Amino acid sequence: MSRLIIVSNRVSVPDNQGAAAAGGLAVALQAALAERGGVWMGWSGKSSGDVEPEPLVLTEDGNITYALTDLTQTDVEEYYQGFANRVLWPICHYRLDLAEYGRKEMASYFRVNRFFAHRLAPLVEPDDIIWVHDYHLIPLAAELRQMGFKNRIGFFLHIPWPPADVLFTMPVHEEIMRGLSSYDLLGFQTKYDLENFAGCLKRECMGVENSPGHFSAHGHNFRGGAYSIGIETAAFAAFARKAAAHSMVRKAQQSIEGRDLIIGVDRLDYSKGITQRIDAFERFIVNNPAHQRRVTYLQITPKSRSEVPEYEAMQHAVAEQAGRVNGAIGTVDWVPIRYINRSISRPVLAGLYRLAKVGLVTPLRDGMNLVAKEYVAAQDPDDPGVLVLSRFAGSARELKGALLVNPYDVDGTANALARGINMPLEERRERWRGMMDHLLENDVSRWCDTFLADLRAE
Ligand code: ADQ
């Protein structure tokens, strides 16, 4: 079996805490690497200041080599914070208003991809299969091809792919499309993303779709498909079953004092629709006064990308909004919204999901959204909660038992919350069973195996 090389912006190097600390994606990729042997390469997350980064730091763990490189401070600012997170991320989430173009940032993006290719090159053997992840590294295959590598190279995009009219607002869209066309297999989260990609190729006659999923563009034939990412369903459900052993989960249970819990869990990111969600919660209480003092909304939101100005502004905005709503609808003995800015271990998170009668997952746009899947996996089969899910999350294509909402429609989301809180047990069980069966069958290992099997196939 050929070795596997994974390249992603950040790398999950195992630490002493083992699998419980790692997310499902990291565990699945590590398992795929362990099965075949191979390398996982990426950025260390550290800056080398204004000097050239040292050679790759290699860490061996069984038959897996983790290969990390630092980046110069300029590249951190221009490639990572700049082009990746202030151009590609907003564009792919349809937020043209937040995209900040700059030629320096664009140049740095391509330069860092070339740098990654040169650092990776000595580790690549002729039979290796290379799997590149996410929007930071789109031009990597083109760089490797230019250096003469003939390996099979696949790419998986974790975030949405936008329609042509949105993508083409980005000055370097053609180079980005050319970069994608250099892979052998492109994986998107949903068929809508794949259709958008095909539409982008066709719009400016950059390429053709010869038959469904088979493309020719920029002198290269390649395939594209929808590979919806899953979670480690069975393991996550087991965490949830055993969660009462964790004191933090017991304390949370005591603190809600028999009230119904609504939970939201997201990285602090404008794509997640957190402010619209808080509005919907407030509207739900105002429209349904019988629920006053009988629900608690717990929003768990670790800070992310705080160096990017839009994210820093959002930290203040969400905290202020939660405070304002608590002030407006709270009472001396009831704090309606608990807002927590910290990261929580997966076993505890599973327990908190299980306590919640409603999982409120309302991104404005999301490639997949694993929180929705984790919420379902964590439920008690005898008394499951209700998932209220944005129709603009990739996971809405799969989770048919959810109450689908348009997160821009505050009243609609408030109504779905009321329906979820009041849903009879029989209906909750029926909705949950179908979703859980789907998640058990389509877990993250299956996602990984399917993508790799297709990448290996000529
Ligand atoms: P993200 O945008 O990060 O991922 P998501 O899919 O929801 O979004 O995954 C977030 C992960 O972080 C979940 O596993 C969740 O449990 C965890 N998490 C969130 N808050 C946490 C907290 N406070 N403590 C601990 N863990 C927390 C990107 C794309 C998604 C896509 C994934 C995977 O934006 O659309 O689903 O990649 O492909």
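I began at Trp43, which stands opposite Thr69 in strand 4. The model I am reading is a predicted one.

In strand 2, Trp43 stands opposite Arg10. I noted the pairing of the strands themselves: strand 1 (residues 4-10) runs parallel to strand 2 over 5 bridges. Strand 2 also pairs with strand 4 (residues 64-71), again in the parallel sense, over 7 bridges.

Next I turned to the ligand. I listed 22 residues around the ligand, and the ones that come nearest are His158, Ile344, Asp366, Leu370 and Glu374. By class, I sorted this shell into 11 nonpolar, 5 polar and 6 charged residues. I also checked the domains: domain 1 (4-230 + 444-456) and domain 2 (233-441) each give the shell at least three residues.

For Arg342, a backbone N or O atom is 2.9 Å from a nitrogen atom of the ligand. For Ile344, a polar backbone atom lies 2.7 Å from a nitrogen atom of the ligand.

I then looked up the cover: of the 710 Å² of accessible area that the ligand has on its own, the protein covers 85%. Last, I noted that helix 12 (346-355) and helix 13 (370-377) are the elements giving two or more residues to the shell.

Notes
Residues numbered from 1 in each chain as written. Predicted model: local features only at pLDDT ≥ 70, side-chain atom pairs only at ≥ 80, totals over all residues. Heavy atoms only, no water. Near = heavy atom within 4 Å. Polar contact = N/O pair within 3.5 Å; in protein donor to acceptor, adjacent residues only side chain to side chain. Areas by Shrake-Rupley, 256 points an atom, 1.4 Å probe, with all protein chains shown as cover. Helix = DSSP H or I, 4+ residues; strand = E, 2+ residues; numbered from the N terminus. Nonpolar A, V, L, I, M, F, W, Y, C, P; charged D, E, K, R; others polar. Domains from an automatic or database assignment. Pairing = 2+ DSSP bridges.
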